[in-house]
Amino acid sequence: MIKIDAWTDYVCQFCYIAKRELENAIDATGLKDHVEITYKAFELVPDAPKTPSMTTIEGLSKRTGQPEAEIHKMINSTIERAKGLGLDYRYDNMMWQSTLDAHRISKYAQEAGKGKEYQERIFYAVFTENKFLPDHDQLTGLAEEVGLDGEKVRAILADETAYAAEVEKDKQEAAEHQVSGVPFFIVNNKYAVSGGQPQDVFEQALKQVAEEEGITPKPTLQTFGSTDGNVCGPDGCSI
C-alpha cells in the first residue's frame, strides 16, 4: 500500500489544485486501489477571523502589504490553472476566515469513513460557493451533505477541545518535518512532494514507490472511437 500524508488548509489556493493533480495522477497510473491518503491539518492563518469581516482579497492585501489590484493579478494565473482542472475559483465573495473548526470536523469525518468526501466538499464550498466555515450552521450543513451526523458535528463544534489534540498533533508533525507551507505530501514516510506540483510530478513519485513496493498498477485501457458511442444500459439505450 502507498500511504500519503497530505498537509493542507481549506483556504489554500494551491491545496485544492494539488489535490486534483494528485487524484488525476493516481487514476493515470492505475494505482487507485493501492493508495491511501490521510489528510493532515495545517492553519495558514491561525488568527484569521471567525466572523465575516473582510474578503480574502482584503485579507491577503493586509497580510502582504500589497494593494488589492496586485493581489488580483497574482491570483489570475491560479484561477486559470484551476479552470484547466475543472475547478471554478471565485474570489469576489470569498471570505478571510479561520479553518480550525473545519479541521476539527475533518478528524471526525475521517473516523467516520467520510474523509475523502469531506475534503472535496469543503474545498468546493470555500472556493466555488464562498461558504464561511466558522459559521457553525454552514459547516454542519456541509458535513451532513457528505453523510456525517449533524448532531455529532454540532456537539464537536460546541466543544472547542473536541479533536483539538488531533489537529495540534498534525501541526507538530508538520513542524518536525520542517513544513512551513502547504500543500505538502509525504509518500510512504520516504519521499516529499512540496507545493502545487503538476500531475506528472505526482505520477513520478507514485510510480517510483510502486516499483519499490512491488505493486503492479492496474492496466489502463486504451479507448478507440468516441466515448459517446451508441450503447444500451439498464436505463435504456442512447440515441
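This briefing covers the overall build of the protein and then its helix α1. The structure is a predicted model, in which local features need pLDDT of at least 70, side-chain atom pairs count only at pLDDT 80 or more, and totals for chains, interfaces and linings use all residues. Residues are numbered from 1 along each chain as its sequence is written, and side-chain values use heavy atoms, with hydrogens and water left out.

**Overall build**

- The protein contains 9 helices and 6 strands, where helices (H or I, at least four residues) and strands (E, at least two) are DSSP runs numbered from the N terminus.
- Its radius of gyration, taken over C-alpha atoms, is 19 Å, close to the 18 Å that the globule rule gives for 239 residues, so the protein is as compact as a globular protein of that length. The globule rule is 2.2 Å times the number of residues to the power 0.38.
- Along the principal axes, the C-alpha atoms fill a box of roughly 55 × 45 × 40 Å.
- Of the contacts (heavy atoms within 4.5 Å) with a separation of 6 or more, 75% are between residues 24 or more positions apart.

**Surface and charge**

- Of the 239 residues, 46% are buried. Buried means under 20% relative accessible area, exposed over 50%, and partly exposed in between (1.4 Å probe, protein chains only).
- The accessible surface is about 12900 Å², and carbon and sulfur atoms hold 48% of that area. Areas come from the Shrake-Rupley method with a 1.4 Å probe, and for residues only the protein chains shown count as cover.
- There are 25 positive and 40 negative side chains, with the centres of the two sets 1 Å apart. Lys and Arg count as positive and Asp and Glu as negative, while His and the chain ends are not counted; each charge is placed at NZ of Lys, CZ of Arg, CG of Asp or CD of Glu.

**Helix α1**

- Helix α1 (residues 13-29) has 17 residues and spans 25 Å from first C-alpha to last, close to the 24 Å expected at 1.5 Å a residue; the expected span is 1.5 Å times one less than the number of residues.
- In α1, 12 of the 17 residues are buried, including C15, Y16, I17 and L22.
- These buried residues pack against β1 (2-8), β2 (35-41), α3 (68-84), α5 (115-127), β3 (184-187) and α9 (199-213).
- After α1 comes G30, with a positive phi near 70 degrees.

- K19 lies in α1 and counts as buried at 4% relative accessibility. Leaving out residues up to four places away in sequence, K19 touches Y39, Q119, E120 and F123.
- A28, also found in α1, is partly exposed at 38% relative accessible area. A28 and L44 are 16 residues apart in sequence and 31 Å apart in space, C-alpha to C-alpha.
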